[in-house]
Structures are given as C-alpha cells and as structure tokens.
Amino acid sequence: MDHAAGKEPTSVCHVLAVPYPSRGHINPMMNLCKSLLSKNKDILVTFVVTEEWFGFIGSEPKPDNIRFGTIPNDLTSELDRSGNYSPDFFEEVLRKMEAPVDQLIDRLEPPVTTIVYDTYLTFAIRVGNRRNIPLASFWTMPALNKEKSVSTVSQESLQFGNSIFQLVSMEEVQT
C-alpha cells in the first residue's frame with residue numbers, strides 16, 4: 001500500500017529507500033532522504049517500512065515528496081524483540097523482505113529509478129540487478145569518533161576514515 005501525503009511531485013527521479021527494519025536504521029535513512037530532498041525538490045522518495053513500522057512513524061512530519069510504501073508484517077515484531085539484533089532476526093529479514101519489496105516496486109508509479117538500501121539488506125542488489133535499477137548502499141552506523149569513524153557526512157563531502165569524497169548533486173549524476 002502506498003501512503004502519499006499531499007500532492008505527489010512530477011518527478012524524473014524516483015528513489016526507493018529501503019532501511020533495515022529496526023531501531024537505529026530507519027531514522028538515519030529518513031534523514032538521508034530529507035537531505036536529498038533539501039537539495040532537489042523534484043525527487044520523489046518511496047520509503048519502505050513494514051506495516052508495524054508505518055504505525056510507529058506514519059504520522060511523523062515529512063516532506064510531501066516522501067511517501068511510505070508498506071510491506072506485510074511477516075517479521076518478528078519490534079516490540080517483541082526490544083531492539084535485539086539477533087542473528088535469527090537478521091536471517092529472517094533477509095529471507096522474508098525480498099519478495100514483498102520486489103512486489104511493491106511493481107505497484108509504484110512513476111517507476112523507480114534508483115534504490116538506496118541499508119547495507120545489511122543484500123537482497124536489494126538482486127532486486128535492482130533483475131530490474132536494471134541503479135543501487136546505492138547506505139551504511140547507517142553512527143560515527144563514534146574521528147579515528148574509528150566509518151562515515152561522517154557533511155553537506156559538501158563524505159568522509160570514510162581519512163579519505164574524503166566530494167558529493168555530487170542528483171543533476172550531476174543524471175548527466
């Protein structure tokens with residue numbers, strides 16, 4: 001089911017954002033999406049969450065060009081897990097999310113042009129490759145300190161340890 005808020009923009013870039021369905025992953029992915037939209041209002045984002053997570057965050061304020069795409073609650077409830085990151089839940093996510101995400105893509109209009117997925121969700125690579133949709137992996141781990149930082153994001157650059165990569169706008173990527 002798609003949950004659009006307000007009027008959908010006319011868009012040439014439709015990003016499917018697929019966070020790992022757990023605490024500490026959904027908010028960073030949403031913040032990335034909001035940051036993308038702050039640079040280019042012509043992007044449409046469909047943010048994938050389980051029906052349970054939609055119940056938790058569906059009423060939170062967000063830009064009009066972010067909509068939710070829900071998938072069934074086939075995973076162990078967040079309330080039952082209490083934020084536990086067990087190997088069993090990780091395997092459950094990898095086993096049970098691929099098909100619903102793939103089916104959601106079939107229902108979305110306009111067609112998805114890019115998939116941004118949580119690095120843990122390796123099935124997204126298969127989904128994107130089958131459909132010839134470009135992919136971008138997003139690592140949601142926070143930066144704890146400068147020396148041991150995995151990633152630190154600023155408005156102009158992306159830093160991995162001691163290496164800095166310049167960010168490009170969506171317009172530069174499309175050319």
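**Entry 1: overview**

I began with the secondary structure, which comes to 7 helices and 9 strands for the chain, where helices (H or I, at least four residues) and strands (E, at least two) are DSSP runs numbered from the N terminus. I note that this is a predicted model, in which local features need pLDDT of at least 70 and side-chain atom pairs count only at pLDDT 80 or more, while totals for chains, interfaces and linings use all residues. Residues are numbered from 1 along each chain as its sequence is written, and side-chain values use heavy atoms, with hydrogens and water left out.

I then looked up the totals for the chain. Of its 175 residues, 42% count as buried; buried is under 20% relative accessible area, exposed is over 50%, and partly exposed lies in between, with a 1.4 Å probe and protein chains only. The chain exposes about 9900 Å², of which carbon and sulfur atoms supply 54%, the areas coming from the Shrake-Rupley method with a 1.4 Å probe and, for residues, with only the protein chains shown counting as cover. Among contacts (heavy atoms within 4.5 Å) between residues at least 6 apart in sequence, 59% join residues at least 24 apart.

How many residues of strand β2 are buried? I found that 6 of the 6 residues in β2 (residues 13-18) are buried. C13, V15 and A17 point one way from the strand, H14, L16 and V18 point the other way, and all are buried. In a regular strand the side chains alternate between the two faces of the sheet.

For pairing I used the rule that DSSP must find at least two bridges between two strands. Strand β2 pairs with strand β3 (residues 43-50) in the parallel sense over 5 bridges, and C13 stands opposite I43 in β3. The chain crosses from β2 through helix α1 (residues 26-39) to β3, and this β-α-β crossover is right-handed; that is, with the strands pointing away from the viewer, the path from the first strand over the helix to the second runs clockwise. Strand β2 is also joined to strand β5 (residues 114-118) by 4 bridges, the two running parallel, and the bridge partner of L16 in β5 is I115.

**Entry 2: the nonpolar cores**

I next looked up the nonpolar cores, each a set of buried Ala, Val, Leu, Ile, Met, Phe, Trp, Tyr and Cys residues joined through side-chain atoms within 4.5 Å. The largest has 22 residues, and those with the most contacts inside it are L16, V18, M97, V101, I105 and I115. The elements that give two or more residues to this core are β2, α4 (87-96), α5, β5 and α6. Leaving out residues up to four places away in sequence, L16 touches T46, V48, V101, L104, I105, L108, V112, T114, I115 and V116. A second, separate core of 18 residues includes A17, M30, I43 and F68.

Which residues are linked in a network of salt bridges? I found E98, D102, D106, R126, R130 and R131 in it, taking a salt bridge as a side-chain nitrogen of Lys or Arg within 4 Å of a carboxyl oxygen of Asp or Glu. By this rule the count comes to 6 salt bridges. Side chains of opposite charge can pair when their charged atoms come close.

- E98 and R130 meet at 3.1 Å, N to O; E98 in helix α5 (residues 98-107) and R130 in helix α6 (residues 123-131) are 32 residues apart, and E98 counts as buried at 16% relative accessibility.
- R130 also forms a salt bridge with D102, with the closest N and O atoms 3.3 Å apart; the pair joins α6 to α5 across 28 residues, and D102 is buried at 19%.
- R131 and D106 meet at 2.6 Å, N to O, linking α6 to α5 at 25 residues apart; R131 is partly exposed at 28%, whereas D106 is exposed at 56%.

**Entry 3: V49 and T50 in β3**

Is V49 buried or exposed? V49, placed in strand β3, counts as buried at 3% relative accessibility. Leaving aside neighbours within four places in sequence, V49 is in contact with F54, I57, F68, G69, T70 and I71. V49 and P72 are 23 residues apart in sequence and 8.8 Å apart in space, C-alpha to C-alpha.

T50 also lies in strand β3 and is buried, with a relative accessible area of 4%. With residues up to four places away in sequence not counted, T50 touches P21, T70, I71, P72, N73 and L75.
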